[in-house]
Amino acid sequence: MAVDVHTTLSDLAYAEVTRDHLEVIVGRCLGVEAPTLTSVRVATVVYPYGSIATGALMRCSGTAMVGAEERRWSIFVKQLQSARVWPMLHLIPESHRADWVARFPWRIEIEAYRSRLPDLLPAGLRLPAVYDIVEIDDDRAAIWMEDVEVSSECWSTRQFAHAARLLGVLAGRRPPGTDVVFGLPPENLTPGSGLRMLAFGRVKMGVGGMLADDAIWAHSALVYALDATGERHLRDDIRSAMHEVDGWLDVLDSLPQTYVHGDASPQNLLVPVGDPDQFVVIDFGFNSPHCVGFDLGQLLVGLVHSDLMEPADMRRVHEAILPAYIDGLRSTGLNATSEEIERGFVLSLLVRSLFTAVPLEMLHEPDSPELRQLLTSRIRMARYLLNLADSV
């Protein structure tokens, strides 16, 4: 029996498709032709704010008749967006805005799925199945992909090391000159281009202004968290580190380069239920070459960002992932010393994550125990990262 799904599909907002189109997508998901939809549900997937290119995450699911059998289906829908429609675009100075928007590589993930990347993935890494990529308008597109049933088990130290080794192998298989690249020159050929763009926009223009805003730092929740951690000098220490960013970027560009995942947090390395040694890789983040060790940064801090790992556990993970990545990279024959890999790891992590560790953008919210707890955790993370700066 056919069902009227128009109202439900409108919940997909920009990613809305017609009923006929959805039946084609569902057929690809089920591996059949001409299923008849019998129910459809759309649920918004809540995710931590941070990705400029992510407009919305949704799960579209339901049932469909295939012959005389009713079958369940579920599809993950990711709506991507240009920086032109990013809600916080006002943080970028108007004089730089048009060029920054034009250069922002919001279609990287689409290009990854359409590339030869699967041929380079080592055993243990795979991409999700993609059922359709829908071009919405000039600034938006939607990927309809496999809804991976993710294990609820906490990541073990062994899993962190295993993921790090595979990321090292993948990096070693994608040196500059490889034909598996995303986007167009010059950004996709220029070492460090993606990180420099992030450093200018998200870090200097975004966080830089908030570091200078006394009202933000007078928020009662932040004052409480700084007192509780003994970190009343954190603001000054982060401001001092901001002056090092350009120098760090120059060092990073001088190191051996590879193409990277760009956002290799555990949240983007999905562990399927029942298969703890397999990772489904999503959300490729940068299209330009970056320093060796780059992908270790988000692998280390990703679960802390989501409050799924304590900052106190970062040292344990750090000590597991660095040697594993080095081993994976060297297995490909790519020439880089342990010192170069560690320097790339640490300095790119500092540029990417130190200045956004404490979520200052949340301090428009009223004080609450939950906000105090979050800020306390993130302050401890920021201190760990500041201490790393002294190690390189």
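Student: Is Arg 114 buried or exposed, and what is its relative accessible area?

Tutor: Arg 114 is exposed, with a relative accessible area of 53%; here buried means under 20% relative accessible area, exposed over 50%, and partly exposed in between, with a 1.4 Å probe and protein chains only. The model is predicted, so local features need pLDDT of at least 70 and side-chain atom pairs count only at pLDDT 80 or more, while totals for chains, interfaces and linings use all residues. Residues are numbered from 1 along each chain as its sequence is written, and side-chain values use heavy atoms, with hydrogens and water left out.

Arg 114 takes part in a salt bridge with Glu 135, at 3.8 Å from N to O; the term denotes a side-chain nitrogen of Lys or Arg within 4 Å of a carboxyl oxygen of Asp or Glu. This pair links distant parts of the chain, 21 residues apart: Glu 135 belongs to strand S5, and Arg 114 to the loop between H4 and helix H5 (117-120). Helices (H or I, at least four residues) and strands (E, at least two) are DSSP runs numbered from the N terminus.

Glu 135 also forms a salt bridge with Arg 107, where the closest N and O atoms are 2.8 Å apart. Here the partners are 28 residues apart, with Glu 135 in strand S5 (residues 130-137) and Arg 107 in the loop between helix H3 (94-103) and helix H4 (108-113). Glu 135 counts as partly exposed at 40% relative accessibility, and Arg 107 is likewise partly exposed, at 24%.

Another salt bridge joins Glu 361 and Arg 202, whose closest N and O atoms are 4.0 Å apart. The two residues are 159 apart in the chain: Glu 361 is in the loop between helix H14 (338-354) and helix H15 (369-389), and Arg 202 is in helix H7 (residues 193-211). Glu 361 is partly exposed, with a relative accessible area of 24%, whereas Arg 202 counts as buried at 15%.

The chain carries 34 positive and 52 negative side chains, and the centres of the two sets lie 2 Å apart. Lys and Arg count as positive and Asp and Glu as negative, without His and the chain ends; each charge is placed at NZ of Lys, CZ of Arg, CG of Asp or CD of Glu.

As for the whole chain, it contains 15 helices and 10 strands. Its radius of gyration is 22 Å, close to the 21 Å from the globule rule for 392 residues, so the chain is as compact as a globular protein of that length; the radius is taken over C-alpha atoms, and the rule is 2.2 Å times the number of residues to the power 0.38. Of the 392 residues, 54% count as buried. Among contacts (heavy atoms within 4.5 Å) between residues at least 6 apart in sequence, 73% join residues at least 24 apart.

Two backbone features complete the account. Pro 185 and Pro 186 are joined by a cis peptide bond with omega of about 5 degrees, and Pro 186 lies in the loop between helix H6 (157-172) and H7. Asp 307, although not a glycine, has a positive phi of about 60 degrees. Most residues other than glycine have a negative phi, and most peptide bonds are trans.
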